[in-house]
Amino acid sequence: QVRLVDSGGGSVQAGASLRLSCQGSGSIFSSSAMGWFRQAPGKEREFVSVISWNGDIARYTDSVKGRFTISRDNAKNTVFMQMNSLKPEDTAVYYCTAGPSTWAMPNTWGQGTQVTVSS
């Protein structure tokens, strides 16, 4: 089982950047697909991005393509999401996730980190 601790959220102005980090523990981190979901107030949790165990495959929801970049460092059991050109609609709690593949639903979740973007 992978344990996840996500961090890096904050309050920024529109157009700014943030970098989320997720520290994982457990022997299967390096073989897990890692990703990010988010949940805005009053909305359902939604997929944001995912990266394969070796970093070869990365997928994004359409609304963040070209602005967000997911990456990972298996030597440090860490996954990152660089978020540029942030918009107010990116405001949400962001959750790091781990799962068996980039196409499967994740089976492990972080505690969440708040991102607030003001106009």
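Q: How many aromatic pairs does the structure hold?
A: The structure holds three aromatic pairs. Here is the rule: rings of Phe, Tyr and Trp (its six-membered ring) pair if their centres lie within 6.5 Å, and planes under 30 degrees apart count as stacked, over 60 as edge-to-face and the rest as tilted. One caution first. This is a predicted model, where local features need pLDDT of at least 70 and side-chain atom pairs count only at pLDDT 80 or more, while totals for chains, interfaces and linings use all residues. Residues are numbered from 1 along each chain as its sequence is written, and side-chain values use heavy atoms, with hydrogens and water left out.

Q: Which kind of pair do F37 and F47 make?
A: Start from the three aromatic pairs of the structure. The ring centres of F37 and F47 are 5.8 Å apart and the planes stand at 80°, so this pair is edge-to-face. F37 belongs to strand 4 and F47 to strand 5 (residues 46-51), so the contact ties together parts ten residues apart in sequence. Strands are DSSP runs (E, at least two residues), numbered from the N terminus.

Q: Which residue pairs with Y95 in an aromatic pair?
A: W109 does, edge-to-face, with 6.4 Å from centre to centre and 75° between the planes. Y95 lies in strand 9 and W109 in strand 10 (residues 108-109), 14 residues apart. Y95 is buried at 13%, whereas W109 is partly exposed at 30%. Step back, and ring pairs link F37, F47, Y95 and W109 into a cluster.

Q: Which charged residues lie over rings?
A: Look for NZ of Lys or CZ of Arg within 6 Å of the ring centre and within 35 degrees of the ring normal. R45 lies over the face of Y95, 3.9 Å from the ring centre. R59 has its charged end over the ring of W103, 3.9 Å from the centre.

Q: How many salt bridges are found in the whole structure?
A: Side chains of opposite charge can pair when their charged atoms come close. The test is a side-chain nitrogen of Lys or Arg within 4 Å of a carboxyl oxygen of Asp or Glu. The search finds four. In one of them, E46 meets R38, at 2.6 Å from N to O. E46 is partly exposed at 33%, but R38 is buried at 5%.

Q: Where do R38 and D90 lie along the chain?
A: R38 forms a salt bridge with D90, with the closest N and O atoms 3.0 Å apart. R38 sits in strand 4 (residues 33-39) and D90 in the loop between strand 8 (78-83) and strand 9 (92-99), so the pair ties together parts 52 residues apart in sequence. D90 is buried, at 1%.

Q: Which other residue meets D90 in a salt bridge?
A: R67 does, at 2.8 Å from N to O. The pair links distant parts of the chain, 23 residues apart, with R67 in the loop between strand 6 (58-60) and strand 7 (68-73). R67 is buried at 10%. Together, R38, E46, R67 and D90 form a network of salt bridges.

Q: What is the strand order of the four-stranded open sheet?
A: Strands of a sheet pair through backbone hydrogen bonds, either parallel or antiparallel. Two strands count as paired if DSSP finds at least two bridges between them. Here the order is 1-3-8-7, with antiparallel pairing. Strand 1 (3-7) and strand 7 are the edges, each pairing on one side only.

Q: How many bridges join strand 3 to strand 8?
A: Six bridges join strand 3 (residues 18-25) to strand 8. S21 stands opposite F80 there. Strand 7 also pairs with strand 8 over six bridges, and the partner of S71 is F80. Strands 7 and 8 form a hairpin with four residues between them, and N77 in the turn has a positive phi of about 50°.

Q: Which side chains of strand 7 point to the buried face?
A: In a regular strand the side chains alternate between the two faces of the sheet. In strand 7, F68, I70 and R72 point to one face and are buried.

Technical notes. Buried means under 20% relative accessible area, exposed over 50%, partly exposed in between (1.4 Å probe, protein chains only).
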